[in-house]
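This note sets out, point by point, what a reader new to the structure may wish to examine. The sequence and the model are shown below.

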Amino acid sequence: MIEVDRCYCCQSSAFEFLFEQTADDPYLHLIGKAEGPSASKWMVCRGCGFVSQTPQLGPGDMDGLYRDYRLNEFRGETPDAYFDRISSYPPEESENFKKVEWLNKAGAVGATDGGKILDIGCGGGVLLHSFLRRPPDWIAHGVEPTPNFAELAGRRLKSDVRSCSYEAGLFGHQFDLISMVQVLEHVADPVEFLRQAKSDLSADGYLYVEVPDVHDFCDLAPTHDRFMAPHLWYFSEQSLGHLCRRAGLAPVRFDREFTVRNRNNLQALCRHADTKVEPAWDTNHWQDVKSLFELNEHAGAS
């Protein structure tokens with residue numbers, strides 16, 4: 001486990017404590033890092049408002065976690081049962097259907113021409129399944145580090161899905177649309193990860209990024225599994241925008257989504273940036289983030 005003593009975004013060492021989560025973390029149990037309740041802290045940077053968990057899992061721990069955390073014994077259902085359950089939701093209950101609708105309305109899908117889509121961290125392929133049900137024709141690709149879910153996605157979608165960690169150039173060609181849904185919060189170096197994705201993006205392509213939004217601090221208890229070990233960071237529109245710009249991406253649309261599971265997500269659609277933009281930090285932003293948790297009725301329990 002790695003202690004965080006400096007902000008990933010702005011390198012400030014000035015943090016404001018948000019809350020401590022003490023809980024039985026099944027992810028830590030899975031990789032042998034805890035046998036009972038464990039404690040972690042969430043902090044907001046006073047320089048830029050970026051939110052970090054400490055201590056954090058190291059690279060080796062992450063590799064072990066994503067190799068095993070979709071095992072049947074851990075998830076309680078087989079991969080195919082998972083795929084059938086998620087893909088059978090009606091549109092009004094399907095988060096994946098809503099994402100595809102959002103991408104369509106944002107202009108990232110197009111009305112007539114198909115293209116190539118890459119879903120990074122595609123899991124069992126349920127988002128790509130929803131995407132491929134809409135015209136026009138697209139060719140789907142996926143990357144998923146968990147072997148049994150990569151196999152599931154490739155088999156059920158009849159698509160090229162690689163069981164590995166993502167890196168640029170993996171497929172040998174560029175993509176018209178790249179999606180990373182609930183991925184960036186798991187990544188130790190988000191800017192480099194975004195840069196890798198940018199290099200796989202065609203000149204006119206779109207990158208769709210979805211991450212947990214700090215408004216979860218208003219709505220979720222400190223013991224919620226969204227605050228457990230796999231999530232290293234939490235994002236606001238400001239911090240996500242800064243990370244994208246540092247990676248050479250230009251956000252063209254931001255939205256906040258409140259899901260059917262009562263979770264808050266940030267949705268960002270990006271394209272290649274014409275020029276590099278240096279971040280201008282709002283040094284009061286941390287106060288806005290902290291106030292979200294102070295509004296939570298569970299704050300006194302932390």
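1. Terms for helix packing. Angles between axes under 35 degrees count as roughly parallel, over 145 as roughly antiparallel, 65 to 115 as roughly perpendicular and the rest as oblique. The axes are lines fitted to C-alpha atoms, for helices over the stretch in contact, and the angles run from 0 to 180 degrees between N-to-C directions.

2. Basis of the model. This is a predicted model, in which local features need pLDDT of at least 70 and side-chain atom pairs count only at pLDDT 80 or more, while totals for chains, interfaces and linings use all residues. Residues are numbered from 1 along each chain as its sequence is written, and side-chain values use heavy atoms, with hydrogens and water left out.

3. Overall content. The protein chain holds 11 helices and 11 strands; helices (H or I, at least four residues) and strands (E, at least two) are DSSP runs, numbered from the N terminus. Of its 302 residues, 52% are buried, where buried means under 20% relative accessible area, exposed over 50%, and partly exposed in between (1.4 Å probe, protein chains only). Among contacts between residues at least 6 apart in sequence, 70% join residues at least 24 apart; a contact means heavy atoms within 4.5 Å.

4. The seven-stranded sheet. An open sheet of mixed pairing has its seven strands in the order E6-E5-E4-E7-E8-E11-E10. Strand E6 (160–162) and strand E10 (249–258) are the edge strands, each pairing on one side only. From one strand to the next, the twist averages 15°. Two strands pair if DSSP finds at least two bridges between them. E7 (residues 175–181) and E8 (residues 201–212) are joined by six bridges in the parallel sense, and Ser179 stands opposite Tyr208 in E8.

5. The four-stranded sheet. A further open sheet has the order E1-E2-E3-E9, with antiparallel pairing. Its edges are strand E1 (15–23) and strand E9 (233–234), each of which pairs on one side only. Two bridges link E3 (residues 51–54) to E9 in the antiparallel sense; Ser52 has Trp233 in E9 as its bridge partner.

6. Helix H8 (residues 190–199) lies across strand E4 (115–120), E7, E8, E10 and strand E11 (264–272), and runs at about 145° to E8. Helix H10 (residues 237–246) lies across E8, E10 and E11, at about 150° to E10.

7. How do H8 and H10 pack against each other? Their axes come within 8 Å and cross at roughly 55°, so the two helices are oblique to each other. The crossing of H8 and H10 is right-handed, the term for a near helix turned clockwise from the far one by less than a right angle, left-handed being anticlockwise. Pro190, Val191, Leu194 and Arg195 of H8 meet Leu243, Cys244 and Arg246 of H10. These residues divide into five nonpolar, no polar and two charged. Here Ala, Val, Leu, Ile, Met, Phe, Trp, Tyr, Cys and Pro count as nonpolar, Asp, Glu, Lys and Arg as charged, and the others, Gly among them, as polar.

8. Helix H7. In H7 (residues 147–157), the residues Phe149, Ala150, Leu152, Ala153, Gly154 and Leu157 are buried. Their cover includes helix H4 (79–87), helix H6 (126–132) and E6. Lys158 follows H7 and has a positive phi, near 55°.

9. Is Lys99 buried or exposed? Lys99, a residue of helix H5 (residues 95–105), has 3% relative accessibility and therefore counts as buried. Leaving aside residues up to four places away in sequence, Lys99 touches Leu127, Val181, Tyr208, Glu210 and Glu257.

10. Backbone features to check. Most residues other than glycine have a negative phi, and most peptide bonds are trans. Thr54 and Pro55 are joined by a cis peptide bond with omega about -5°, and Pro55 is in the loop between E3 and helix H2 (59–68). Gln11, in the segment before E1, has a positive phi near 70°; with a relative accessible area of 44%, Gln11 is partly exposed. Gln182, in the loop between E7 and H8, also has a positive phi, about 55°, and is partly exposed at a relative accessible area of 21%.
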